[in-house]
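Student: I would like to learn how to read features off a model. Can we work through one together?

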Amino acid sequence: APMKDNPAYKGEWYVKRISNPAYKGFWEAKKIANPEFEDDDALYKYDDFGFIGFDLWQVKGGTIFDNIIITDDIAEADAFAKKWKALSEVEQAKKKEADEAKKAEDAKKAEADDDDDEEEKKESEEM
């Protein structure tokens, strides 16, 4: 399409700047002295965590969380990791066995369903 000149065009549009003589800079909250304030470095430390919560968004349902550790002791964390790894390997082996058993069972069911279809086909041909 051909371009036509626009005699009313005055250039690219931009926002007009309005001067503000009362401008004092970016707003910052007032800092009020608090003589009762005491900085507590151990504010987050507890002798015992009774509960822990997770706020998760997940797509796949049925997710289970277990074996959670909260510690600041590296030796304790390493011992827990070794114990968890051994348990995890056993769980994976059991899951693999269960999956293979389910796959074999599904294959048997599919084979039985195929046999039924052949019998129905023969019966319908005989009629």
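Student: How does K95 count, buried or exposed?

Tutor: This is a predicted model, so read each value as computed. K95 has 52% relative accessibility, so K95 counts as exposed.

Student: Which side chain does K95 meet in a salt bridge?

Tutor: The idea is a distance test: a side-chain nitrogen of Lys or Arg must lie within 4 Å of a carboxyl oxygen of Asp or Glu. Here the partner is D99, with N to O at 3.3 Å. D99 counts as partly exposed, because its relative accessibility is 40%.

Student: How far apart are K95 and D99 in helix α1?

Tutor: They are 4 residues apart, so about one helical turn separates them.

Student: How many salt bridges does the rule give?

Tutor: The count comes to 2. Besides K95 with D99, E105 forms a salt bridge with K109. In that pair the closest N and O atoms are 3.9 Å apart. E105 and K109 also both lie in helix α1, 4 residues apart, about one turn of the helix. E105 is partly exposed, because its relative accessibility is 45%.

Student: How many helices and strands are there in the protein?

Tutor: Count the assigned runs. The protein has 1 helix and 0 strands. Helix α1 spans 74-126.

Student: What share of the residues is buried?

Tutor: Buried means under 20% relative accessible area. Of the 127 residues in the protein, 1% are buried. The protein exposes about 14300 Å². Carbon and sulfur atoms supply 55% of that area.

Student: Which residues make the nonpolar surface patch?

Tutor: The members are Y46, F49, I52, F54, L56, F65, I68 and I70. Together they make a patch of about 870 Å². Take I68 as one case. I68 lies in the segment before α1. Its relative accessible area is 42%, so I68 is partly exposed.

Student: Which residues form the negative surface patch?

Tutor: Here like charges are joined, and the cut-off is 9 Å. E38, D39, D40 and D41 form this patch. D41 sits in the segment before α1. D41 counts as exposed, because its relative accessibility is 61%.

Student: What is the phi of N67?

Tutor: N67 has a positive phi of about 60°, although N67 is not a glycine. N67 is found in the segment before α1. Its relative accessible area is 32%, so N67 is partly exposed.

Student: Which backbone nitrogen does the side chain of D73 reach?

Tutor: The side chain of D73 reaches the backbone nitrogen of A75 at 3.3 Å. D73 lies in the segment before α1. With a relative accessible area of 38%, D73 is partly exposed.

Conventions:
Residues are numbered from 1 along each chain as its sequence is written. This is a predicted model: local features need pLDDT of at least 70, side-chain atom pairs count only at pLDDT 80 or more; totals for chains, interfaces and linings use all residues. Side-chain values use heavy atoms; hydrogens and water are left out. Patches are made of residues with over 30% relative accessible area and no salt bridge: like charges are joined within 9 Å, nonpolar side chains (Val, Leu, Ile, Met, Phe, Trp, Tyr) within 5 Å. Accessible areas come from the Shrake-Rupley method with a 1.4 Å probe; for residues, only the protein chains shown count as cover. Helices (H or I, at least four residues) and strands (E, at least two) are DSSP runs, numbered from the N terminus. Buried means under 20% relative accessible area, exposed over 50%, partly exposed in between (1.4 Å probe, protein chains only). A polar contact is a pair of N or O atoms within 3.5 Å; within protein, one must be able to donate a hydrogen and the other to accept it, and residues adjacent in sequence count only if both atoms are side-chain atoms. Lys and Arg count as positive and Asp and Glu as negative; His and the chain ends are not counted. The place of a charge is taken as NZ of Lys, CZ of Arg, CG of Asp or CD of Glu.
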